[in-house]
Amino acid sequence: MSGATQHLAAAPFARRSQLRRSWAQMRRNHIGFVVCALGPILALFVLIRIYPILETIRLSFYNYNITQRRNPFVGLSNYIRLFDDDPFRTALLNTIGFSVLSVIVTLALALTIAILLRSIEHTAATFELLFYIPVVIPWVPAAVIWKWIYDPAYGALNYVLSGFGVARLGWLQEPTLILYAIVLVSVWKLVGYFIVIYGVGLRSIPEELLEAASLDGATAWQKVVHIVLPLMRPIILFTVVTCTIICFNVFAPVYVLTASSQGAPAYDFKVVVGEIYQNGFVFYHMGYAGAQCVVVLLFVMSLLAVQFLAFREK
Amino acid sequence: MKRRAVLAGGAGLVLAGLGSARAAAPDPVSGKLSIWLGYGETAPAYRLAEPAFKQMYPNIQIELLSFDLHEYEAKLAVAVPTGNGPDILTLHDYIFPHYYDSDSLDTVPADLVADINNPKIVDPVFTRILTREGKPWGMPWWKGSRALFYNLDHFKEAGLAGPPKTMKEMWEFSEKLVKKAPDGTLTRAGITLRLTEGSGGLQKFSDMYYEMTGVQILETGPKPGTVRVTLKDNLDAAAQLLLDYVEHLHGPKKVDDWALKHDAQGFANGAASMLMREDWVVAFVRKNGPDIRFGTAPVPRGKAWGNFNFIEILSVNKDSKLKKPAWDLIRLLQEQKYLDNVLTESGWVPLRMDRDFSGFLSKNPEYKAFLEPIEGYVPWIEAPDTAYVEATSRTGDVILAAFRDASLLNNPDGARKVILKAQDVAVDILKNSDIYAP
C-alpha cells in the first residue's frame, strides 16, 4: 500500500475519533451541551412567544391600523385612552367577576369531588373519565349546546325549572343572570380536568399519615384540613394559577353564547379578550388593542405573583 | 368586370369574416381570477356567468371564495393593502371608503362610467356613494333595502285591515298584536325590535330616527369622507324615539321582550307579528316558516318617509394582474339573466333600473315593497365612513343599554342624557379617526 492510500484509509478513523473527542469535550462543557440541546426549542419559543409579545408592546405605542398606510408613533396615548374607555373598564370588571367566581367554584368543586372519589377508589377512574368528557369537547360546540339549554322559550333548563313553578328566565338575555350562566358553562367544562389533577395529588399523599390520624381519632374534616390541604399546597397553587389564566382568557364561550345575529338575542357580555379582539380585528386598531394586551398581561402577572406569595411554602 | 367585382366582393367578405373571427378570438391571457364574497348567496350568478366568461378567456379560472361577512371584511382589510387581495373586490358601501382612501381601486372603464352616471340606469343616491372627485370607483350591483314585514293572519286576528302607514300607527298596531300568557309573560311580540348587538341595533333605531327627523344619526359631512353626528341637533325627537322604545319594552304597553325569539327567526316561527328587515328575509321566512302568510309594505312614515338601503359595489383591485378580464366579468354580470339569478337565488335586488323584473314580481308578490318604485319614498344610504363599524357599535351600545333601563319610562330628561352620551361617544370615535365634521 502506498503512503497516499494509507493516508486515505486512515482519514475516516481520524474523523471519527475527532468527533468522539468533540462530543466528550461538549459533554464536559455543560453550557455548550445545554445550548445545543435547548437552542432550537428556545429559538422557536422566542419566535412564537417572545417576539409576538415584544411586537405587541412596540405596536402599543403606535396608532397602528391595518387598513391605513400611515401609522404614526403616538407614545403613551393609547394607554391614556384606556382610562376613559368605558367598554374596556366594563370588560375588565366582568372578566374579574367571572374569573373569581369560576376559579373558586371550579376548584372547590373539583377538590370536593376528588376527595369524595378517594372513598370509592375502585370506581374512581370511571367517574374521573365521566367528569373529563366535557374537557375534550371543544369550546364552540359546547357553547352551542349550552345556548340551546339556556334558550328561554325552548331550552331544557327553563323547562325543568317550570316544573318547580319558576317563571321563564332569560339566562343569556338578562344582564343579572348572564354572568352565572357563563360561569356554569365554564365550571362544567373545566371541573373534570382539575378533578384528575387533584386525584393525582391525593393519591400521592402517604396512606400512613391518614391512618395515623385516624388512630389518633381525627375526624374526616380534620384530616382534610390538617393533612390533605397542607400537603396539596403545591398542587393547589398550580391549579389556581392555571385556572386563573384559563378564566382570564375567556372568549370563545362568551362569543358563541352571546352571538345575536338571529333568533334569541343575548346580552352583550363584554370580556377583556373580546374587547381586544374587537379593537384589533373588527375596528382594526391594532396599536390600541396592543395597549390593552399589555395592560391585561401586567394585570394577570401581578395576580399570579400575589397567588404565588399567598401559597408559598412557609 | 361583373365577375371580377363578385370575386372581389367575395374575397372582401372572406377577409372581413377572418377579421371579425380574429376580433372575437379568445384572449390567450391565463391565470386565476379571484373573487371573495361576504354575501355567498350571490355566488350562483358568478357561476352562471362562468361559461360566457370562459368563451372570452378560456385560460382563466374563476376562483370564488365565500366567507362569513365579518370574516370577509377582516380578511379583505388585511389582504388588499399587502397586495394579496382578490382581483374583484365586492365592497359594501360602508367599507368602500377604506379601499378608496388606501388607493386600492382600479379606474372604472369609460363605458361602465357612462352607465353609472346615467340616472336612468343607476339611482344617483347610489352613484354619489362611490364617486370621488367626479369619478366613480366601482359598479354598483345590487342593493338591500328595508321594508316592513307583517303577518297576515296575526293582522286578521287583531282586526287590522292593513299594514301601519305611520310610525304612530306602527306602535299602536304592535300593542294590539301582542300576545301574553296568563302570568303576563309575552308569548308573541307585536313587533320584533332589534335589541342587541350595538351596530345592528343602532341601524334599526336609526331607521325610525330617519322617519322622525328626516336625517340619519351619522350624516355625510361637507367634506367627502367626513361624518357628522345629528343626535344633538334633534335631541327632542331622538329622546322621544328612545322613550317610545322604552315604553314598549317595559310597563303596560310592552310589545317585545328579550326572552322571545327575535328578528327573522322570530317572525318566521310566528313569535312576532311585524319586523323591519331587508329583502333576504322573504326567502328566509319561506324556508323556515312555510306556514307563515305575510306581506311587505314600505317603512311607516313619520316626519320624513324613506328607507335604508345598502349596496354591493364591484370594483377591481389596483394590484390585480387580470384587470381587463375582471372588468369584462363585471360587464357580463350586468346582463339580465345574471341579474335575474341574483334576485331569484339571493333575494337581493339588482340596482340597474334599465332591466325588467316584472315577471319575477308577479310570481313573488312579497317583493312588492322592495321592487316597486313608490312616489315620495326616498331611498337613503348610510354615510361612507372609515370608522363605521366602531362608531355604530359603540354608539349602539349606549342606546341599547338604555332600552334595558326601565327608569327611563316617562323620563324625558333621562332619555335626553342618554342621547347626549351617545352623541359624545360617536363624536369621540370620529375625532379619533380624523373624519369628524362639526
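This is a predicted model: local features need pLDDT of at least 70, side-chain atom pairs count only at pLDDT 80 or more; totals for chains, interfaces and linings use all residues.
Helix 9 of chain B covers residues 198–213, helix 10 of chain B covers residues 235–247, and the two pack at an angle of about 130° with their axes 10 Å apart. That makes helix 9 of chain B and helix 10 of chain B oblique to each other.

Who's touching whom? On the helix 9 side of chain B you've got Lys204(B), Phe205(B), Met208(B), Tyr209(B), Met212(B) and Thr213(B). Across from them, helix 10 of chain B puts in Ala237(B), Ala238(B), Leu241(B), Leu242(B), Asp244(B) and Tyr245(B). Sort that contact by class and you get 9 nonpolar, 1 polar and 2 charged residues.

Now over to chain A, and another helix pair. Helix 4 of chain A, residues 86–118, and helix 8 of chain A, residues 175–203, have axes that come within 6 Å and cross at roughly 40°. Helix 4 and helix 8 of chain A are oblique to each other too, and their crossing is right-handed. The residues in that contact split into 22 nonpolar, 6 polar and 2 charged.

Last bit: the two chains together. How many residues does the contact take from each chain? It's 33 from chain B and 33 from chain A. Between them, chain B and chain A bury about 2,700 Å², with 47% of that on carbon and sulfur atoms. We count 4 salt bridges between chain B and chain A.

Key: Residues are numbered from 1 along each chain as its sequence is written. Chains are lettered from A and ligands numbered from 1 in the order in which they are written. Side-chain values use heavy atoms; hydrogens and water are left out. Axes are lines fitted to C-alpha atoms, for helices over the stretch in contact, and angles run from 0 to 180 degrees between N-to-C directions. Helices (H or I, at least four residues) and strands (E, at least two) are DSSP runs, numbered from the N terminus. Angles under 35 degrees count as roughly parallel, over 145 as roughly antiparallel, 65 to 115 as roughly perpendicular and the rest as oblique. A crossing is left-handed if the near helix is turned anticlockwise from the far one by less than a right angle, and right-handed if clockwise. Ala, Val, Leu, Ile, Met, Phe, Trp, Tyr, Cys and Pro count as nonpolar, Asp, Glu, Lys and Arg as charged, and the others, Gly among them, as polar. Contact means heavy atoms within 4.5 Å. Buried area is the accessible area (1.4 Å probe) that two parts lose on being put together, summed over both. A salt bridge is a side-chain nitrogen of Lys or Arg within 4 Å of a carboxyl oxygen of Asp or Glu.
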